[in-house]
Amino acid sequence: MSFRKYAEYKDSGIEWLGEVPEHWAVSLLKRRYQVTLGKMLKSNQTSPNETEEFYLRAANIHWRGVNTTNVKRMWFTAEEKKKLKLCKGDLLVSEGGDVGRSSLWNDEIEGCYIQNSINRIRAREDADTRFLFHWMYFIKHADYIDMICNKATIAHFTVEKVEATPCVYPPLEEQKRIAAFLDKETTKIDTLIDKQEQLITLLLEKRQAIISHAVTRGLNPDVRMKDSGIEWLGEVPEHWMIGKVKYVTENLDKSRVPLSSLERGKRPGIYPYYGASGIIDYIDDYLFDEDTILFGEDGANLLARSTPLAFLATGKYWVNNHAHVLKARDGLNRFWVMVLENIDITPVVSGSAQPKLTSGALGNLNVVYPPSIDERREILTFLDKETAKINTLIEKCETAIELLKERRTALISAAVTGKIDVRDVG
């Protein structure tokens, strides 16, 4: 797709914006929009004229649209409802958290209001909130919003900051044309991103299935099987061993030290600092200088498995007291990482508020494995080869997603700043 430029440009008067088309206006957001902050959270009824209504929080606001899967309710007076009710076309902008993140309201819920973590922006005249949505995306990704909100502290995109945000104002009909063009083109890009993300999910599932099969069934499809006696595992090759983690690994937990016990020096350090979910910092000292297996023990990691449960640490690094440190007795750490990642630990997790996997419980978990180190090496070689193929495909998908996101950002930036003229496109 090729674009032409506008015929004439002028200095916008804003250093980071540069030139804009000659016929565009430049002024503060408050000149053409009304900004309203939502209501402070209120959990109890304090007046008989209050009614309990749906409201949105910053967590509901996303660039791809308003997420209504977890909309809560609180008490509003008649006056507050009159002031804060959402209307189709309102632009909702996060006041806190990921400041500036925006969504357009499309009447997803009848009779909905806003909490004070959201700014509602409503057009007065000669202004289009769909165009403003794309303008918000541009200034957010150009770091303007993060800069004025001072993210070194708790960031807030206050009403005053929103109102003082500089905006460009093409003629109203042109705003609508630009918004329609961007809606169409970004939808195409988002669809491609979704397909790449779906492919990554399928590839991850395939990788896990290959690993799971190899470390529980082996590589010989004709091998005789036996009941493992482990409910979640089922049958395993007849000649395989069933043993406890403590018999195949050496536990190095006594070397773990909390971060508070460490003199950290100047940051950033050069040595990885591991917790239960992977690298959480870089510091100026190290505990270990050899490859080991780290096994997460904190509750979020154990039960949600949103991050690797077992993973390999290499080189020089520090480990805090929230990750178990194991060393394979046969030296095949990468093989045992895959074995450990495949086991079910939920029956031995203790505690409900903050689930933990103690060192003793981990050591007593059963694992199955070939008795021959040669067979273990053969499985590891196979998995290295197969997972490398899948990892390469995943990396290509991730690269494609990044390029698509860059394309999306560049296209929005060019259109809303007048670097390209899209009035007659499509």
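**Cysteines.** I looked for disulfides, counted as a pair of cysteine sulfur atoms within 2.5 Å, and the structure holds 0. This is a predicted model, in which local features need pLDDT of at least 70, side-chain atom pairs count only at pLDDT 80 or more, and totals for chains, interfaces and linings use all residues. Residues are numbered from 1 along each chain as its sequence is written, and side-chain values use heavy atoms, with hydrogens and water left out.

I checked Cys87 next. The closest cysteine sulfur to that of Cys87 is in Cys112, 11 Å away, which is too far for a bond. For accessibility I used relative accessible area with a 1.4 Å probe and protein chains only: buried is under 20%, exposed over 50%, partly exposed in between. Cys87 is partly exposed at 35%, and Cys397 is buried at 5%.

**H5 and H10.** Helices are DSSP runs of H or I with at least four residues, strands are runs of E with at least two, and both are numbered from the N terminus. I took the axes as lines fitted to C-alpha atoms, for helices over the stretch in contact, with angles from 0 to 180 degrees between N-to-C directions. The axes of H5 (residues 172–217) and H10 (residues 373–416) come within 10 Å and cross at roughly 170°. Angles under 35 degrees count as roughly parallel, over 145 as roughly antiparallel, 65 to 115 as roughly perpendicular and the rest as oblique. H5 and H10 are therefore roughly antiparallel. I then sorted the residues of the H5 contact with H10 by class and got 28 nonpolar, 4 polar and 10 charged. Here Ala, Val, Leu, Ile, Met, Phe, Trp, Tyr, Cys and Pro count as nonpolar, Asp, Glu, Lys and Arg as charged, and the others, Gly among them, as polar.

I also looked up Lys396, which lies in H10 and is exposed at 57% relative accessibility. Its C-alpha atom is 9.6 Å from that of Ile200, 196 residues apart along the chain.

**Cores.** A nonpolar core is a set of buried Ala, Val, Leu, Ile, Met, Phe, Trp, Tyr and Cys residues joined through side-chain atoms within 4.5 Å. The largest has 45 residues, and Phe295, Trp336, Leu340, Ile345, Val367 and Leu383 touch the most other members. Among the elements that each supply at least two residues of this core are H5, strand E18 (292–296), helix H8 (333–341) and H10. Another core, of 44 residues, lies apart from it and includes Leu17, Trp63, Ile145 and Phe157.

I listed the contacts of Trp336 (heavy atoms within 4.5 Å). Leaving aside neighbours within four places in sequence, Trp336 contacts Val248, Ile293, Ala328, Asp330, Val367, Tyr369 and Arg376.

**H8.** Of the 9 residues of H8, 7 are buried: Asn333, Phe335, Trp336, Val337, Met338, Val339 and Leu340. The axes of H8 and H10 come within 9 Å and cross at roughly 80°, so the two helices are roughly perpendicular. Arg334, Phe335, Trp336 and Met338 of H8 meet Arg376, Ile379, Leu380, Leu383 and Asp384 of H10. By class I find 6 nonpolar, no polar and 3 charged residues in the contact of H8 with H10.

**Ala310.** I ended with Ala310, in strand E19 (residues 310–313), which is buried at 6%. Not counting residues up to four places away in sequence, Ala310 touches Leu294, Phe295, Val337, Leu340 and Glu341.
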